[in-house]
Amino acid sequence: MASSSSFSTCTLHGSVSGPKSMKCYREFIFNCSSLFKQSSNPRLIALCADLTQSRFLSNVKSINLEQSGRLLPINRVQCQALKVENKISFSVGNKFQLNDVIEAQQFDRDILSAIFEVAREMEKVEKNSAGSQILKGFLMATLFYEPSTRTRLSFESAMKRLGGEVLTTENAREFSSAAKGETLEDSIRTVEGYSDIIVMRHFESGAAQRAVATASIPVINAGDGPGQHPTQALLDVYTIEREIGKLDGIKLGLVGDLANGRTVRSLAYLLSKYQDVKIYFVSPEVVKMKDDIKEYLTSKGVEWEESNDLMEVASKCDVVYQTRIQRERFGERIDLYEEARGKYIVDWAVLAAMQKHAVVMHPLPRLDEITVDVDADPRAAYFRQAKNGLYIRMALLKLLLVGW
Amino acid sequence: MASSSSFSTCTLHGSVSGPKSMKCYREFIFNCSSLFKQSSNPRLIALCADLTQSRFLSNVKSINLEQSGRLLPINRVQCQALKVENKISFSVGNKFQLNDVIEAQQFDRDILSAIFEVAREMEKVEKNSAGSQILKGFLMATLFYEPSTRTRLSFESAMKRLGGEVLTTENAREFSSAAKGETLEDSIRTVEGYSDIIVMRHFESGAAQRAVATASIPVINAGDGPGQHPTQALLDVYTIEREIGKLDGIKLGLVGDLANGRTVRSLAYLLSKYQDVKIYFVSPEVVKMKDDIKEYLTSKGVEWEESNDLMEVASKCDVVYQTRIQRERFGERIDLYEEARGKYIVDWAVLAAMQKHAVVMHPLPRLDEITVDVDADPRAAYFRQAKNGLYIRMALLKLLLVGW
Amino acid sequence: MASSSSFSTCTLHGSVSGPKSMKCYREFIFNCSSLFKQSSNPRLIALCADLTQSRFLSNVKSINLEQSGRLLPINRVQCQALKVENKISFSVGNKFQLNDVIEAQQFDRDILSAIFEVAREMEKVEKNSAGSQILKGFLMATLFYEPSTRTRLSFESAMKRLGGEVLTTENAREFSSAAKGETLEDSIRTVEGYSDIIVMRHFESGAAQRAVATASIPVINAGDGPGQHPTQALLDVYTIEREIGKLDGIKLGLVGDLANGRTVRSLAYLLSKYQDVKIYFVSPEVVKMKDDIKEYLTSKGVEWEESNDLMEVASKCDVVYQTRIQRERFGERIDLYEEARGKYIVDWAVLAAMQKHAVVMHPLPRLDEITVDVDADPRAAYFRQAKNGLYIRMALLKLLLVGW
């Protein structure tokens, strides 16, 4: 579903007539609302309440009506309310401000904090409680054009922990009609007919944006090539807050492959939304953090510093965020790869240098950039971090499908 | 389960003695019925009611009892009532007339119309309504010996939309014990022990028939090689009725690969059951409709005509049914493929020639035989057609598992 | 979860302080119990009852407390009560004596008999009965590092027949982060965060043991390379009891590949727990039963005998257990393979020699070592045997997740 961070979209079921594309304000809202009132869909009714409140109406800049003008099996009218500039409401029963999750940039500080609150509720969802059934009757399609067992299982577990159901395509690229030359757009149009939300992993940067532009149901980007992996970025920030207890004033050491890892780039981006953040970059020369992020951080007032001394950085930081050096980035230069991967290892010596309250994070999978003897230390937060992915995804599925 | 379009099969649970194969009439029915009465299975009880009604009894021609003659963990007796020639009953609570879905030829006009009525009910099934739970407790196994993401997801969505559960084998050919040389029959005998209905896709023509001959639970053919794909044929006819509002008197243009597409062949076959149907064949010379179908249509009184003029055909038809030219059929003659695929494209010009009430259909996936600018026109029915596959499959699953 | 056949493990949720590893007895039990009492988890409450009974306490030899000493999102304390030597209790509501299913050797005669009783109850679980929902809210992860459609579907069907849900990885070796070099231990630590029980198939012997040593949730070994496949061994013994009505005094002919088949080795092992068992080995010279098992049987008082005469053995046995000669074991010596596989075939002649009450078993898949005409005979028990796998797996899932 096409969206930006301040879109609201609703889908009307019923028979509506009108020109194919129109700009309309109060008159349309009126028609819209009376249709909503005939609906038994709680999301529509909730949105209807929104629409009829002046707070909302006064901010509507554009409403876009796509409509076929004929009696279809189910007529669909999409109306999108752009740029609601008033204070967003996160109260229970209200619609989520986002229709899709495409990139880390969508999230501002307020919405992050509200999502984290929902994630914390998700940690408390008990088996067979009412909370464990809030997505009953909803179907999620996991459309994975490249395999990622960890991410897929995490989303599928999240959906099932909330009572929802899952349609799985573990390797859509090889198996699906994509192999016969079907466009992503056509595949999305088919799959949206079978499900209520699409979680997509793709090998091409920008694929999530294309899916969103096509789909009339919510889409979550579960990684698109070297592009974005927004739910990883969210779970990283959530983990920092959960482990350290704060985000403002945080001191973070980013270690390892800073050039190619989308994880560290997204994380740097999100942390710039908080105050008094200090970031240390510790990486082999060949995989140094690129200038665009450095410039971005500077422009946002985030202090950063490059260092070759992991021990010293470890002793200062709240979080040592280690990453894997990716062999596939080095082509035939195995010598460079071997040199890079051995350079900064988090081991007992690094742990010993770290403060008592500090933690080690890692997006996983890890090879030997963190030695296994570190695992037993309570400051090894990476498996808790993986588990937090479950709660963040539960929160996002809940928010996109039933709202706050 | 072995079947023809007028079989009724029941499976008895209990301890029954008898010769290994016997022909029996009223006496058997009597034994049979008393066993049913001890059963708590609602399907058996419903069938029991059928069996004891004279309407049914008077038409029983043969009952086949397979029985092991020993006390098994669960004894199974199969009895099949052949050739019920009276008017079939489609009332709620009655058993479906078919045990399996193997080929389009199974369906006559009456049963098609009754299935379509159920499909229309399926369109109205709301999340968390009673209707959304009618298959609760049932397990469907999707046994796919060749991948077909679209068809598989459609069936799995259908099952889950009705509260049922799914066991998936996305690539049974490569992964299963088939790779070790197990016969299809043995695989079916194993899988039927784990599930209540089997949806099978296979690379060999006739595989569905073999599965049905083995299985004691319903089997749906989700495509067997170049053979049949009956649920696609059903959803095509359903879509025509849904979009145009009638089937008698319909004018249909079949465009593209008419030689190799099982879709268009099955469709031609099914349409012959309706009156005053006119079919236009529009295809490159190399992939023309074959004589067997032409002769069949003629014998059934269906008017047909070949044409090179897509624009003229488009202007006369209710439905322009476009298909993909399949590259794999041309081997190394890429030149012939390129010539064929560019010949008849449905674009804005064709749309402009079409009548207002007419629609464009396509079994999908499409490449460029329909240009993407056609998608926005309300007469582009192909994504609605894909969605109708969901409703048809919901209807068939309901009918095979719980009856009318 | 680390375990031996007499371990009891519990996981505490709550905030507990304590040294990282400690030996503690009554004092710990006391703290432990008061935490349990705050819990709403029925497993914890049930265990709490156990812990406070002197029968249990008096047998506790060691309790191992792993604890991080800090407030984690969810604090976990593991306590393991070793070597409960009193008579084990199989009453409803009590915890299962095992935390994991790793190898056939875990099971003694009493526990086998108790598991079989639960399996028989599982045969009677009706759709939509209360019994069909006992695992509602539980999530099973099927982590298959090598494909095995039969075993996977059997476990997934078992879980779903009891109302549980499933996360599937059909080919974890190729698709998962294992391909990037992640250790099994790390994968387990991630997956345990998403699920309540792990069913793992692996290509390496000993992998199950490693998974169990890592996981804090139950693990079932669904086959680890040439090592163990304990649920197959259990279903085999269950089938013998179900078909013949007894295990003591049973006469069994093991036919085919006795050198490489883990099935026959585990079966021989388990049967040694019963009295007056007689085993005949009938196999081509190249794949004869190895000496370790022969010596083991002798040491346990099990009579065994080698024979070249399948007909004679068949006439004496209660069970003829046929196995597949595995081509992959012969490398390039196709000639030896062809000679071996044709040597002992179970066909109508063998059936004719068998006693009326005797049965033919086979772990499946079969090629032609049992001719298909045998299938129709009631003594062909192999498809019932496959189905019994469902009941055994339902029983184990129930026992590991909710207890007796």
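Biologist: How many residue pairs are in polar contact between chain B and chain C?

Modeller: This is a predicted model. Between chain B and chain C, 11 residue pairs are in polar contact, both partners at pLDDT 80 or more.

Biologist: Which elements of chain B touch chain C?

Modeller: Two or more residues each come from β4 and α7 (184-191) of chain B. β4(B) gives the largest share of that side, 5 residues. By class, the side of chain B that touches chain C holds 10 nonpolar, 11 polar and 10 charged residues.

Biologist: How many salt bridges cross the interface of chain B and chain C?

Modeller: The rule finds 6. One of them joins Glu182(B) to Arg150(C). Their closest N and O atoms are 2.3 Å apart.

Biologist: What area is buried between chain B and chain C?

Modeller: Interface size is often given as the accessible area lost when the parts come together. Here about 3100 Å² is buried between chain B and chain C. Carbon and sulfur atoms give 53% of that area. The contact draws 31 residues from chain B and 36 from chain C.

Biologist: Now the cavities. How many are of 30 Å³ or more?

Modeller: The count is 13. The largest cavity holds about 240 Å³ of space. It is lined by 21 residues, and the closest to its centre are Glu156(A), Thr168(A), Thr168(B), Glu156(C) and Thr168(C).

Biologist: Which elements give two or more residues to the lining of the largest cavity?

Modeller: α5 (149-161) and β4 (165-169), from each of chains A, B and C.

Biologist: How do the residues of that lining divide?

Modeller: Into 6 nonpolar, 3 polar and 12 charged.

Methods
Residues are numbered from 1 along each chain as its sequence is written. Chains are lettered from A and ligands numbered from 1 in the order in which they are written. This is a predicted model: local features need pLDDT of at least 70, side-chain atom pairs count only at pLDDT 80 or more; totals for chains, interfaces and linings use all residues. Side-chain values use heavy atoms; hydrogens and water are left out. On a 1 Å grid over the protein atoms alone, a cavity is a set of points where a 1.4 Å probe fits but cannot get out, and a pocket is an open set with protein on both sides within 12 Å along at least five of seven lines; lining residues have an atom within 4 Å of a point. Grid points are joined across faces, edges and corners, and a volume is the space filled by probe spheres set on the points. Helices (H or I, at least four residues) and strands (E, at least two) are DSSP runs, numbered from the N terminus. Ala, Val, Leu, Ile, Met, Phe, Trp, Tyr, Cys and Pro count as nonpolar, Asp, Glu, Lys and Arg as charged, and the others, Gly among them, as polar. Contact means heavy atoms within 4.5 Å. Buried area is the accessible area (1.4 Å probe) that two parts lose on being put together, summed over both. A salt bridge is a side-chain nitrogen of Lys or Arg within 4 Å of a carboxyl oxygen of Asp or Glu. A polar contact is a pair of N or O atoms within 3.5 Å; within protein, one must be able to donate a hydrogen and the other to accept it, and residues adjacent in sequence count only if both atoms are side-chain atoms.
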